[in-house]
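The structure comes first, then the notes.

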Amino acid sequence: MKNKHQKFMEEAYKEAQISLQQGGIPIGAILVRDDEIIGRGHNKRIQHGSSILHAEMDCLENAGRLRGADYKKCTIYTTLSPCNMCSGAIILYQIPQIVIGENENFKGPEQYIKDNGVELINLNLPTCKEILKNFIENNPELWNEDIGI
């Protein structure tokens, strides 16, 4: 039987697959409140020519306007350790928990996240590692553009 985190991470992974099918960077995220998905998104930088539509930002946008108290009841699931921008949004909205699929292909400011009171759980999933690893190997110029190398 799957635990709650595995179940929701599978939904974030589906978002990563959608991005890949659209020609984008395969990173996905979902926002969960009271065991219900209230937002989902995936990296759309390439598809929309955007500088900020990372999976987490797209997910928060798609969740719509929420009250501060609502964010405090949420968990955000993302297939990859969030970058500085996405971590900042999570901290700003006081989302208390992040569950990540992996942090080997990229590791965001995880200590900063924890220092700001956010619980971080790394599921360390081979599926999340593999989809992004393959993308990076096949599209290093796009990956390096996103990461700013």
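The largest pocket is lined by I52, L53, M57, L60, E61, G64, R65, Y71, A89 and Y93. This is a predicted model, in which local features need pLDDT of at least 70 and side-chain atom pairs count only at pLDDT 80 or more, while totals for chains, interfaces and linings use all residues. Residues are numbered from 1 along each chain as its sequence is written, and side-chain values use heavy atoms, with hydrogens and water left out.

**Largest pocket**
- The largest pocket holds about 200 Å³ of space.
- Helix α3 supplies three residues, the largest share of the lining of the largest pocket.
- Seven nonpolar, one polar and two charged residues make up the lining of the largest pocket.

**Helix α5**
- Helix α5 spans residues 84-92, and its C86, S87, A89, I90 and I91 are buried (under 20% relative accessible area, 1.4 Å probe, protein chains only).
- These buried residues of α5 pack against α3 (55-63), β3 (74-78), β4 (97-100) and α6 (110-115), where contact means heavy atoms within 4.5 Å.

**Cysteines**
- The count of disulfides (pairs of cysteine sulfur atoms within 2.5 Å) is zero.
- C86 counts as buried because its relative accessibility is 0%.
- C128 is in no disulfide either, and the nearest cysteine sulfur, that of C59, is 14 Å away.
- C128 is buried, with a relative accessible area of 2%.

Note on methods:
Buried means under 20% relative accessible area, exposed over 50%, partly exposed in between (1.4 Å probe, protein chains only). Helices (H or I, at least four residues) and strands (E, at least two) are DSSP runs, numbered from the N terminus. On a 1 Å grid over the protein atoms alone, a cavity is a set of points where a 1.4 Å probe fits but cannot get out, and a pocket is an open set with protein on both sides within 12 Å along at least five of seven lines; lining residues have an atom within 4 Å of a point. Grid points are joined across faces, edges and corners, and a volume is the space filled by probe spheres set on the points. Ala, Val, Leu, Ile, Met, Phe, Trp, Tyr, Cys and Pro count as nonpolar, Asp, Glu, Lys and Arg as charged, and the others, Gly among them, as polar.
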